[in-house]
Amino acid sequence: MKQGNIKGWLGLLFMALALFLPIGTLRPNRILPGTTFHLYSLLKEPMAWAFVVLGLILMAFLWSLVIKGGKYTPALDVFPWILTLLPASLLTAIAKYETIEVVYDPEVVRISLSSGFWLGLMGTILILSTGKRKGFLFLLTFLFLLVPPLLGWTPHLALLKEFLIIKPTFFMELQRHLVLALVSVLLAILPGILLGYGCYRFQRGREWILATVNFFQVAPTLSLLALVMIPLTLLSQAYPVLADWGIRGIGFAPAFIVLFCYCLLPITANTYAGFDQVEQEVTESAVAMGMKSNQVFWKVLFPLAFPVILSGVRTAVTQNLGNTILAGLIGGGGMGALIFLGLSQSASDLVILGTLPVVLFALIADEFLRRIEITAHYKMGGTYDSAHQRV
Amino acid sequence: MIQLTNVYKSYQEQPALQGVSLSVSEGQCAVLIGPSGCGKSTLLKTINRMVDIDEGEVKVRGKAVQEYEPEELRRNTGYCIQGVGLFPHLSVSENIAMVPKLLKWPEDKIIPRVKLLMELSGLPLSYLDKKPHQLSGGEAQRVGVCRALAADPPILLMDEPFGSVDPLNREKLQQAFIALQKELRKTVLFVTHDVEEALMVGDLIFVMNQGKVVAEGTPGQLAGSMESAFAKEFLGKEYPMKLLKRYTARDLPMDSLPKDGGDITGSATEDMPLSLKNPPLTENSNLQQVLSRMLEENRTTLPILREDDTVRYITYGALVAHLKEMSQ
Amino acid sequence: MKGYLRSRMLKRYGVPLLYLILFLGWIFSSQMWIDMLSPWLPPNVGLVMRTPLPMLAWQHLFIVVISTALSVLTALLLASGVRLSRNQEWKSTVLTAGSIAETIPSAAVIALAVPILGYGNGPCMLALYLYALLPVVRNTMVGMDAIPLEIADAAEGLGMTRLQQLMKIDFPLAKPVIFAGIRTALIINVSLATIGATVGAGGFGVPIIAGIRSYDPILVLQGSIPVLLMAFFFDRIFRSSSI
């Protein structure tokens, strides 16, 4: 924990705040705002003591840091592993909170997680990020968080209740979301690369290509969606066969088109940048060797540009996973449907339920693609220094 | 082997080559030398059609370059540039093996060829799997030369190949190249702006200025009187002195007994033992070293220690006579 | 003015001016055109909006400009703080936090702001404020980092304090990159503000969403066109080159 001290202290700050901010909200039913409670109220629960103990270990650890001045102790290695349990046990404790004063209908009563919990979770993540093997530790924390709901230890958790209510829809919408987001990127890769190559080869067309592709990024997504819907509606009315295939004015078709166009800029721009950064001497040697244009492309240009192209695809994927939410507004389904449903029903837990998978998938996709990108970077002759210049 | 006749080339309004004619025979190493912008690189590129000419003729092996397929022409021409241009994503051996692979050589022919070339250019075989970014500038350029020679092309084009290397390593590379050329006897067209480099590696030198050849000849011939004032100035007043570096003691006639032993002023001395202060000169010592030693020790006859440990003598007179001969 | 200068000025100011004129023309006259064309339009379309377009334009501008301006200010302060500290770790922490925050979809942030700020402009402006922070902070920090070390060294050697360096050197030299960040933030926010209509905010999102819900393409157009023009206007104004 010697380096990364700022993250560590920030994480501790968040966790300290968690002590004072409301940690959960008890609601008699879905609609009523309910009452918030704090950490100290939980101490009546035996489960709460689990994380109090953890918190004490945390304190002891900090103290040892301060006194020993950051020297290495074996406790330093074990501590992060213990810390991964903290959010999960906190979750359990919160969900087990029951007031004795008022009797609630157990079917409908629910406990939402409040800012204190989220800050505590963020604090844990921050502290874990200062150590080694952070990817694995993050995964572990997340998995542990899933355990209490799965085991039935948190029956009144609002998130769980929302999930159970819409369970089949949830998975269906999740699937639709992923399909919409990922297929549109996949289909945009080939045109994007071609356009990027066009920018590289044809200097005159470069401005136009980039300006056109940029258009989709500047234009507000909602208005693009709406504008695409109009001709699609007309088309599907004129040719009913399209409607049978699912191409209508509403639904996935306009969302797909807009998402596709939106991906083009990161991929095109990155492809062009990727080709551009290949040194001129390399391409000159390749031509002088007697390689034909396509040989130069496949043997030299493309492999060397590949890591940068992949970075563009990565950007496109993360963007798309977020933008697909808007499909929910026009009947295209996806997690957006849950979010806007929750919005219209004033059920913020439903909104969170819709947001969490999107964030998780975005983070996972980003990390996954980033690792491939770095491997490709090294394979294509990049060095350690140049690898760390790319974000 | 290579013949240019009245070649003209302009880029937009800028003339690069204005009526260049030259010819290089098989096995010769011709050097194009001149200030920046004189068109030497452009001229080089007309031979493998990296640049297409406006007027005139460029012939390789008697056939105009336009009559060859560009790719075919280039696969039969080695090309080395200053930045080397090694493929960063391929290893040293993969870089060198690129043209043979393009020509679909069988594996068992490629591997020994790669190893042979690396040996000839002084690269250890442990470098086979290294990546370009792990090599120093000099090592990378050696790989570049190997790569150019991999498919055994009859012609080698080199565009300031040693320009981006530090002076010490540059000399090593020049020596390595000379040794390689002695072994392989390729037809080489070598571009440089460094006069010393030119007379080290070249059999034939073309001095260029503003798109034209202003002087041509063997290194020795250029030491004599020249018509072009520009060439004279470009080669510099110390040209004959620099020229001395090109020849070695081996080029001079040697005697087993000292001839007119005496110092440069002409007075005689009796015996001439091998000097113990300075290490003895060998057959490989270049004539600049020989002359320097003569001046240092104040005599016109010097002993040379040969490879078989015998001693022979060379004279100042023989040195001057040799120079005169070379300038014909 | 010389010929090429004039064409460059035309490109730089002419195009945004065109957008502005089209924008104003649309918001003030579109209702009139629609009324004129109504005999030819299908029924149940082109419903008159509760709030006239110019009012919506003002609302949209208000939401975007206020929240973005506050955000830019905060972001510049934050980035300045990091720069003054010369601490690489702060920089990487802020950048990482930003990247992670970016994965949280913008629409969700608006939705989640509702329990805190209720319905209306509030949650929308909060979301816009938070979302504009990231591009501006990132661009400012990256822009200042890109200043060659020699210049920073020279400034320090001259005896400038870090604050003086910040104001006289860092900001001026990083200005293009910072403006690029502000441009990104503005464009993101113009787009995000349209979604605010789902939580009761004003602006052009209102007719767009109302039009989607009631299958009214005219209404959709009335909202989409001006917001597109607004986005392009901001894009052009903040670009230094002509692309």
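Here are a few notes on the aromatic pairs of this predicted model and on the interface between chain B and chain A.

1. Let's start with the rings. Searching the whole structure gives 24 aromatic pairs over all chains. One of them is A:Phe215 with C:Phe232: the ring centres are 5.1 Å apart and the planes meet at 15°, so this pair is stacked, an angle under 30 degrees being the cut-off. A:Phe215 belongs to helix H9 (residues 203–218) of chain A, while C:Phe232 belongs to helix H9 (residues 217–237) of chain C, so the pair joins two chains. As for accessibility, A:Phe215 is partly exposed at 32% relative accessible area, whereas C:Phe232 has 13% and counts as buried.

2. The next pair stays inside chain A. A:Phe252 and A:Phe256 are arranged edge-to-face, with 6.5 Å from centre to centre and 70° between the planes. Helix H12 (residues 252–276) of chain A holds both of them, 4 residues apart, or about one turn of the helix. Buried or exposed, where does A:Phe256 fall? With a relative accessibility of 19%, A:Phe256 counts as buried, because the limit is under 20%.

3. A single aromatic cluster is formed by A:Tyr197, A:Tyr200, A:Phe275, A:Phe297, A:Trp298, A:Phe302 and A:Phe306.

4. Chain B has lysines placed over rings. The charged end of B:Lys63 sits over the ring of B:Tyr68, at 4.4 Å from the ring centre. For B:Lys109, the charged end sits over the ring of B:Trp105, and the distance to the centre is 4.2 Å.

5. Now for the interface. Between chain B and chain A, 22 residues of chain B are in contact with 22 residues of chain A. About 1800 Å² is buried between these two chains, and carbon and sulfur atoms give 67% of that area. Which three residues supply more than any other three of the area that chain B buries against chain A? They are B:Phe87, B:His89 and B:Leu102, which supply 29% of it.

6. Polar contacts number 7 residue pairs, both residues at pLDDT 80 or more. On the side of chain B that touches chain A, helix H2 (70–75), strand S6 (77–81) and helix H4 (98–102) each supply at least two residues.

Conventions:
Residues are numbered from 1 along each chain as its sequence is written. Chains are lettered from A and ligands numbered from 1 in the order in which they are written. This is a predicted model: local features need pLDDT of at least 70, side-chain atom pairs count only at pLDDT 80 or more; totals for chains, interfaces and linings use all residues. Side-chain values use heavy atoms; hydrogens and water are left out. Rings of Phe, Tyr and Trp (its six-membered ring) pair if their centres lie within 6.5 Å; planes under 30 degrees apart count as stacked, over 60 as edge-to-face and the rest as tilted. Buried means under 20% relative accessible area, exposed over 50%, partly exposed in between (1.4 Å probe, protein chains only). A charge sits over a ring if NZ of Lys or CZ of Arg is within 6 Å of the ring centre and within 35 degrees of the ring normal. Contact means heavy atoms within 4.5 Å. Buried area is the accessible area (1.4 Å probe) that two parts lose on being put together, summed over both. A polar contact is a pair of N or O atoms within 3.5 Å; within protein, one must be able to donate a hydrogen and the other to accept it, and residues adjacent in sequence count only if both atoms are side-chain atoms.
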